[in-house]
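Hi all, thanks for making time. Let me put the model up and then walk you through a few parts of it.

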Amino acid sequence: MSNAVTWNDEVSGRVATEHKPAASRVLMLWVVILALTAGLSSWVYLYSKAALRQRAVQVELRWGVGGSEASVGLLRQLDQMALRVGFVAFTGGVACLVAFSLTLKRVRHQLASQHQRTEETQAALLSARSVLAETRQTKEAALQDQTKLEEKLNGLTLEKSRLEEELNRRNQAEKALTQRRFELESSKSVLELHVQARTEAFHSLQRRYELILNSAGEGICGLDVDGRATFVNPTVAKLTGWPIAELVGKTEQEIFVSNGQKEADLSADERVLYRKDGTRFPVEFVKTTINENGRVVGSVVVFKDITERKQVQDSLSRKAAELARSNSELEQFAFVASHDLQEPLRKIQAFGDRLKVKCQAIQTPEIQDYLDRMQSAATRMRTLIDDLLAFSRVIRSSEPFVPVDLGLVTQEVLGDLEVRLEKSGAKVEIGNLPSIDADPLQIRQLMLNLLSNALKFQPPGACPLIHVTASISTPLSREPQCEIRVQDNGIGFDEKYMDKIFAVFQRLHGRTEYEGTGVGLAVCRRILDRHHGNITAQSEPGKGATFIVTLPVKQATPQVSP
């Protein structure tokens, strides 16, 4: 309403202000026109008068006095004409002023009527605008109320949707809870049956474990955190001489009575305990802690009477000592006997040679045959003694182990066998042989014996073909091992005689077929025993033989033969 009134006042003031400047502008225009007309008329009058005077002067100069009078008459006529023109102009101006005043009055009257009508129109317009403003305000209020109602309606709709969803969830949850309750009730019944069955099984298993523990031949004792016995099996009572009822509750020190001194022949897990009657007995004693969730809750002690085992160990130790002494005596005897036998043998051979020379003049076949047999027997005896000495040297050897090039040693052995190789036409192929820790002399003896056998045990007229190869392998949890293979194309042998060929003085063929005393492979086995190695063979009769030697690449420490 106030906005409409303000707008109406502004319009009325603007109309009145516009009328006043318009009348002032018309009046000022009339005054300006009247002034310009008067000025122009005055200028024309003055200009004409000046022209006439100049003309009069010219006439007077030309015509004399008569001309001057005529000019004066013209000037008087001009003045009169100017007065009449000025009067007419003044009269016309007054008339125009009167007409303008009347016209202005009329215009003012019309403007007043128009102003009145404008005021009435403005009043009506103001009323209409007031109504319009009130209507607009009402509409705006209604729109605001409508917006608020719509917002409330939207909020209520959302709340309704949320409540419906919540209700649906609760209904579903209620249904799920009902179903879950039925399932839990059924599961409870099944679980009770399972628990009952498990309980029975647990009790049965517990009874079985108790029977196992009670039937165990070792003493088993359960201790709590304080070291007091909570469980003992009958073996504990049997070994210690204490009743089970008295053992439960005793401390570990009270049950396992010891003198506190470590016996010299006992290992770290062995003790000497005392029974109730004071007798002592050795036991194998193991104590293990029981951890539950990272916390020690007790311990278990397991011990076993090892009296019989100690007695057996003592007996074995005595037997081993006796056997070592006996072997030492036998080795000493073999060494001494071999040396002592060589002197009589040399005399037999020497006197046999002399007797053979003296009996050459006697052409008696029987005597020559006896002498040949005697010489042959002495030669075999000499070979046998030499082999026995070689075997004894292997047993008594104490040379340290050093790096040995197997390829170089094999080439040296082939140089020693050069005559036999040329005589038999043998062909020897040697592969890439590594270096190992060994006794050089004994490794040389090993290769010499193996290659000599490969050359010796050949079919008549055959050309020996020998292959010597080696490879290095690393078995699980062991040091690298070197495997040497000596393969030939000789007569071979039946593998059922495998143990026999490595024994001392054992032969598979007679002396007339192949020379030798049966000591060579025994020496090889003894050498490999000292080197912590092994020897075996693969063969078939008539298809040759392959001897397989396994040796450590590195020896742990320098070894001394027993």
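So, which residues are buried in helix H12 (residues 520-530)? Leu 521, Ala 522, Val 523, Cys 524, Ile 527, Leu 528 and Arg 530 are. Buried means under 20% relative accessible area, exposed is over 50%, and partly exposed is in between, with a 1.4 Å probe and protein chains only. Just after H12, His 532 takes a positive phi of about 60 degrees.

Quick housekeeping: this is a predicted model, local features need pLDDT of at least 70, side-chain atom pairs count only at pLDDT 80 or more, and totals for chains, interfaces and linings use all residues. Residues are numbered from 1 along each chain as its sequence is written, and side-chain values use heavy atoms, with hydrogens and water left out.

The chain has 12 helices and 13 strands; those are DSSP runs numbered from the N terminus, with helices (H or I) of at least four residues and strands (E) of at least two. Of its 562 residues, 25% are buried.

Now the sheet. Five strands make an open sheet, ordered E8-E10-E11-E13-E12, with mixed pairing. At the edges sit strand E8 (427-430) and E12, each pairing on one side only. From one strand to the next, the twist averages 15 degrees. Two strands pair, by the way, if DSSP finds at least two bridges between them.

Look at E12, residues 534-539. E12 runs antiparallel to strand E13 (residues 545-552), with six bridges joining them, and Ala 537 has Phe 547 as its bridge partner. Their hairpin has five residues between the strands, and Gly 542 there takes a positive phi near 85 degrees.

E13 is also antiparallel to strand E11 (residues 481-487), with seven bridges; Cys 482 stands opposite Leu 551.

Last stop, Gln 458, in the loop between helix H10 (440-456) and strand E10 (465-473). Is Gln 458 buried or exposed? Buried, because its relative accessibility is 6%. Its side chain reaches the backbone oxygen of Ala 454 at 2.8 Å. There's also a 3.4 Å polar contact between the side chains of Gln 458 and Asn 489. A polar contact is a pair of N or O atoms within 3.5 Å; within protein, one must be able to donate a hydrogen and the other to accept it, and residues adjacent in sequence count only if both atoms are side-chain atoms.

Definitions and conventions
Axes are lines fitted to C-alpha atoms, for helices over the stretch in contact, and angles run from 0 to 180 degrees between N-to-C directions.
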